[in-house]
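Thanks for coming. I will walk through one chain, part by part, and leave the overall counts for the end.

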Amino acid sequence: MISPHDPTGTVLYEDLLDYSPFPKSVRLARYRMARLLWEWGYGHLVDDAELLVSELLTNAITHGRVPGRLVRVHLTVGKEVLRLAVSDAHGEAWPHVRGPGDDSPGGLGLVLVQEVAVRWGVRERQVGKTVWCELDVRRERPSVTGRRGRCSSGR
């Protein structure tokens, strides 16, 4: 079962890849996710999914990096839910949404995740943690194409 909110638990598509914990991995993960979602017929979710993978992976690289360990991006699409999960090996550093009045620089990534995703959360692992978020795949497709109109790879 990919989500407690997907009662069928059917996994239609799945992708799992480990990345080196460096900023260039964020771009690579975005491109991969965009290409896969277009190929799988979920192009209407590409813009939001790219934003979410960028924020979660950047947080994992910035706050969850452990020398010698990779970060994992796991994309799962079910009948109702697209779930994106990013895992890192640093279990002590749990993410939190900034509160109102917090004027420190940066730290708005989870505010964006909270606004774009229908659900998000953190799950403890034996080593580290997984931060996940979900999009509703059944939402209406826009009548016009997204910002780019095609995936970053030119399709």
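W40 counts as buried, because its relative accessibility is 16%; buried here means under 20% relative accessible area, exposed means over 50%, and partly exposed is in between, with a 1.4 Å probe and protein chains only. Before going on, a word on the source: this is a predicted model, in which local features need pLDDT of at least 70 and side-chain atom pairs count only at pLDDT 80 or more, while totals for chains, interfaces and linings use all residues. Residues are numbered from 1 along each chain as its sequence is written, and side-chain values use heavy atoms, with hydrogens and water left out.

Back to the aromatic residues. The structure holds two aromatic pairs. Rings of Phe, Tyr and Trp (for Trp, the six-membered ring) pair if their centres lie within 6.5 Å; planes under 30 degrees apart count as stacked, over 60 as edge-to-face, and the rest as tilted. Y13 and W40 are stacked, because their ring centres are 4.8 Å apart and their planes are at 15°. Y13 belongs to strand β1, residues 11–19, and W40 to helix α1, residues 24–40, so this pair ties together parts that are 27 residues apart in sequence. Helices (H or I, at least four residues) and strands (E, at least two) are DSSP runs, numbered from the N terminus.

Y13 counts as partly exposed, at 30% relative accessibility. The pair of Y13 and Y42 is edge-to-face, with 6.2 Å centre to centre and 75° between the planes. Y42 lies in the loop between α1 and α2 and Y13 in strand β1, so here the parts tied together are 29 residues apart in sequence. Y42 is buried, with a relative accessible area of 11%. Y13, W40 and Y42 form one aromatic cluster.

Another ring, that of W132, has a charge over it: the charged end of R83 sits 4.1 Å from the ring centre. A charge sits over a ring if NZ of Lys or CZ of Arg is within 6 Å of the ring centre and within 35 degrees of the ring normal.

V26 is found in helix α1 and is buried, with a relative accessible area of 10%. What does V26 touch, not counting residues up to four places away in sequence? The list is S54, L57, T58 and I61, where contact means heavy atoms within 4.5 Å. S54 has its place in helix α2, residues 46–63. S54 counts as buried, at 12% relative accessibility, and it is in contact with V26 and R30, leaving aside neighbours within four places in sequence.

G64 lies in the loop between α2 and β2, the latter being residues 71–78. Is G64 buried or exposed? G64 is buried, with a relative accessible area of 2%. Leaving aside neighbours within four places, G64 is in contact with N59, D88, A89, H90 and K129. The C-alpha atoms of G64 and S87 are separated by 8.7 Å, and the two residues are 23 apart along the chain.

Now the largest pocket. Its volume is about 380 Å³. On a 1 Å grid over the protein atoms alone, a pocket is an open set of points where a 1.4 Å probe fits, with protein on both sides within 12 Å along at least five of seven lines, and lining residues have an atom within 4 Å of a point. Grid points are joined across faces, edges and corners, and the volume is the space filled by probe spheres set on them.

The lining has 21 residues, with N59, H63, P95, H96 and L110 nearest the centre of the pocket. The largest share, six residues, comes from α2. H96 is in the loop between β3 and α3 and is exposed, with a relative accessible area of 62%. H96 and L110 are 7.2 Å apart, C-alpha to C-alpha, and 14 residues apart in sequence.

Finally, the overall counts. The chain has three helices and five strands, in the pattern β-α-α-β-β-α-β-β along the sequence. Of its 155 residues, 41% count as buried.
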